[in-house]
Amino acid sequence: MFVQQQHQELDLSRTGVNLQMACQSAGAVMDEQALLGLNPNADASYRQRALAYFEQLKDSQNAWEVCADVLAKGLYSDDHVKFFCFQVLEHQVKFRHAALSAAQQQLIRETLMTWLQSQLMNAQQEKSFIRNKAAQVFALTFIMEYLTLWPKFFFDILSLVGLNPHGIDIYLRTLMAIDAEVVDRDILHTPEETRRNTLIKDTMREQCIPSLVESWFQILTTYQRSQPELTCQCLEVVGAYVSWIDLNFIANDRFVNVLLSQMSMEELREEACDCLFEIINKGMDPVDKTKLVESLCRVLQSAGFFNVEQEEDVDFLAKFSRLVNGMGQSLVLSWTKLVKAGNVKEATETLQAVEAKVPLLLQLLVHEDDDISSNIVGFCYDYLNVLKQLPQLTEQQKANIEAVMLAVMKKLTYDDEYNFENEGEDEAMFVEYRKQLKMLLDRLAQVSPELLLEAVRRIFTNTMQAWQTTSFMEVEVAIRLLYMLGEALPASHGAHFSGDTAKTSALQDMMRTLVSCGVSGYQHSSVSLEFFETVVRYDKFFIVEPQHIPNVLMAFLDQRGLRHNSPKVRSRVAYLFSRFIKTLHKHMTAFIEDVLTRIQDLLELIPPENGFRALLTSDDQLFMFEAAGVLIVSGESPVDQKQALMRSLLTPLMDAFRLLLAKLLQETEEERQVALADCLSHAVGFASRTSKAFSNKQTVKQCGCTEVYRDCLQSFLPALSCPVQRGVLRSAVRSFLHRMIICLEEEVLPFFPAASEHMLKDCEAKDLQEFIPLISQITAKFKRQVSPFLQQIFMPLVLAIFEVLARPAEENDQTAALEKQMLRRSYFGFIQAITGSGMNEVMANQGVENIERVLFTIIQGAVDFPDPVAQKTCFIILSRLVELWGGKDGMAGFPDFIYKHIVPACFLAPLKPTFDLSDAQTVLTLSECALTLKMIHLKRGPEFLQFLQHEYLPSLQVTPEIAQEVCHVLQQPDVKVLKNYIKAFFQRARL
């Protein structure tokens, strides 16, 4: 027995009687029909009834007691009913504990203990999901009652279960459930819960931890051979609790010897390893931590665990690697603390301890199993970080760096099973693992850049000399290493080929070899991809040695690149090709027409009914059109030639667009409509992408391309009046208009009135949300020039927004609510753009009724909607309107509006419970609110102060002293004073 005898056992002979009495009073009958709904295969009506029954039992004063009766007496054999009863009990403990009478609380305790006693005698254990739920209820009861009603919780349980394996199982599950509720740092707790949890842990340390530890020791030694599952459970408990109990209870010869012996038992070794890892991970004094790690290391080493190559169990080795990683990182952390504290002697000893682990680290890092290798990367990284801080490296440390480097290079290599065309979970894990290795490589570059550069150069050169007879894995990794140097040895703006001569000449040599040795023709997709990635990463090389451009261009254009048999390679190369062209366009003049001819078939719009599998997807084609545009625009050919080339690029798109639009208007089948609309959208997108070659109207004019883009606009705009597939078509044309505002400037304006009219017909929230930035863009760019147009479109746009916002939506439709919120923000953004552009007349000329309507929406936005982003915009608008119309010569009737609506908004908004002054965005809104008050004072002067002091603030029950204070602060020249005061004012007002 684990517990001293003076702790009395619960009187279980009483339990049955009490339960019986309690349940008789509750009329212990369960709704059999509802219970049928607990079966996963039950039909919906039964399931619905079961749910309603659960709600009824949960919320009742005492009907739930029937569940206690069922569990205590074992009245049902159905697992779902038992689970259901525990769920009802769980709810009572978790949410209604304080409302239960003392007798009901006692009933729950006795139910749990009676149920536990029945488990000791059952030949068959309950299913694990029931045991887990029971453990949860035990744990929740413990949390609620340990400090007050049930201080003997553990003694009662341990006295009852003794060494009974079924009882031990529930005991251990309960301990894990308590850990999850009280200790687990991943779970967010309220400050109140955190205080309670701390108190529970402190009380446990004082009262019962020694007994618990003793029970664990008994379980580990009693059951290590006969009940390995139970032993593993116990090891997990020790690992969980060791983080907050006194380590001396566990880190002693008696306990560690048991753990070490279990490291040699096949069924226990992984859990034992994890348990040791948790012991090592415990926070403690650096000198003590070093001693602990070193003593454990000595024992592990003498027991033969460091002979990694003789171990065949990879699952255990992965755990062991994690343990070594924990030991190594603990030592590095101790070293860092000791160096910081100036403890030279101890720091030196700890560094020696770290160095002594490096041979083991290397064995694990280079292990063929990636999980084993991955688990040691953290220690390796930290070790390199230590070396980086040392003033001078010993020969041994240099040898260690080289060994890590070779290990990383070896482990970067793909294995035979990697599936390049259909990457699954294993492949994704290897990609993640490669990222870890890249971190090590980057760290190596910081420790010893010369060593890294030399090693990569040696491997790269040797591999490229014999690439025809070398496996794809080795060729790929050699190019990959060259690619990785670009980030490991950074250069500003990719200028790898200027500055440091040793690095520059090494990189230049390797790039020269890469593009001239013929490896671009290697028949494997991974090598092809790596070749093009590297060429584009080091595209500045070709500025230094432009003679290599033709060869590389050919590689891009033939079956090595854009016509490769792998769609994945073609897709990536399309993107890389556009980047290559953009960087080197000045060196392309001689090849422009040849390149355009060779890629012509890749620039064709593939109509949906073609059935022909295109080489590139439409997304890939975007990059091709961009590259084509850059080639045409940046060449040195005469204007008429550029014009002709651009027209020959865009005319097929316009022709196809007209044909497809006519087809769409006649098409009745929805699936075909969708395909046609997508194709039309692609055509507009491609034309739009060619314009990326231009930075402004000037460059478009210089190339003589204004007219062809105007023609595009004329071809595309009719799509706006298409009655089907509106969303897709409008979105595409809208994006094109955005680009044309930049490329054609005022020449685009004549197209806007008709386009806007179509875009405001039959709108959805998303349409308007995307349309408003277009109007804001021309407002910001053309200002007064578009004033007449804005005056004309202002109310139609505003009314379209109002109409969409007024549409009814389902109460819990989150998507619709979010769409409306975003539209509201866009609307306020639009009004802000108009008021901020200095075009007073746009709003002023809308008629009194319309102006009022708009003004009230802005007041509403400032006060009623708990959206600080929109509220901030509304206050910016109000401030601006006060500036425009609030003075002596402002708009008639506006001062009245200021006093009746704007001033109250400035006070009512921050007083709302939803106005969260601890939120940064809300504080910005409050600042704008303060600036609005400042602007009113600027425009209305003493009259405003008089109104605040004698009328408005008294109406809010503000004392005369505070009202005077507010007026005084408003007169201060420093706005910061006002902002700080207003924040404090509202914080006080809420108390």
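This report looks at a pocket, an annotated domain and a helix pair in a predicted model.

## Basis of the model

Local features in this predicted model need pLDDT of at least 70, side-chain atom pairs count only at pLDDT 80 or more, and totals for chains, interfaces and linings use all residues. Residues are numbered from 1 along each chain as its sequence is written, and side-chain values use heavy atoms, without hydrogens and water.

## The largest pocket

Let's start with the largest pocket, which holds about 490 Å³ of space. Here a pocket is an open set of points on a 1 Å grid over the protein atoms alone, where a 1.4 Å probe fits, with protein on both sides within 12 Å along at least five of seven lines; lining residues have an atom within 4 Å of a point. Of its 19 lining residues, Tyr414, Arg434, Arg480, Glu530 and Glu533 are the closest to the centre.

Helices H21 (425-447), H23 (472-488), H25 (525-537) and H28 (567-584) each give at least two residues to this lining, and H21 has the largest share, with five. (Helices are DSSP runs of H or I, at least four residues, numbered from the N terminus.)

## The annotated domain

UniProt, in an unreviewed entry, places "domain: Exportin-1/Importin-beta-like" at residues 128-276. That stretch is 73% helix and 0% strand (E runs of at least two residues), and its end C-alpha atoms lie 27 Å apart.

## A helix pair

Helices H42 (residues 868-885) and H44 (residues 920-940) pack at about 10°, with axes 8 Å apart. H42 is therefore roughly parallel to H44 (an angle under 35 degrees).

Key
Grid points are joined across faces, edges and corners, and a volume is the space filled by probe spheres set on the points. UniProt positions are given in the numbering used here, feature names are shortened, and annotations may be inferred rather than shown by experiment. Axes are lines fitted to C-alpha atoms, for helices over the stretch in contact, and angles run from 0 to 180 degrees between N-to-C directions. Angles under 35 degrees count as roughly parallel, over 145 as roughly antiparallel, 65 to 115 as roughly perpendicular and the rest as oblique.
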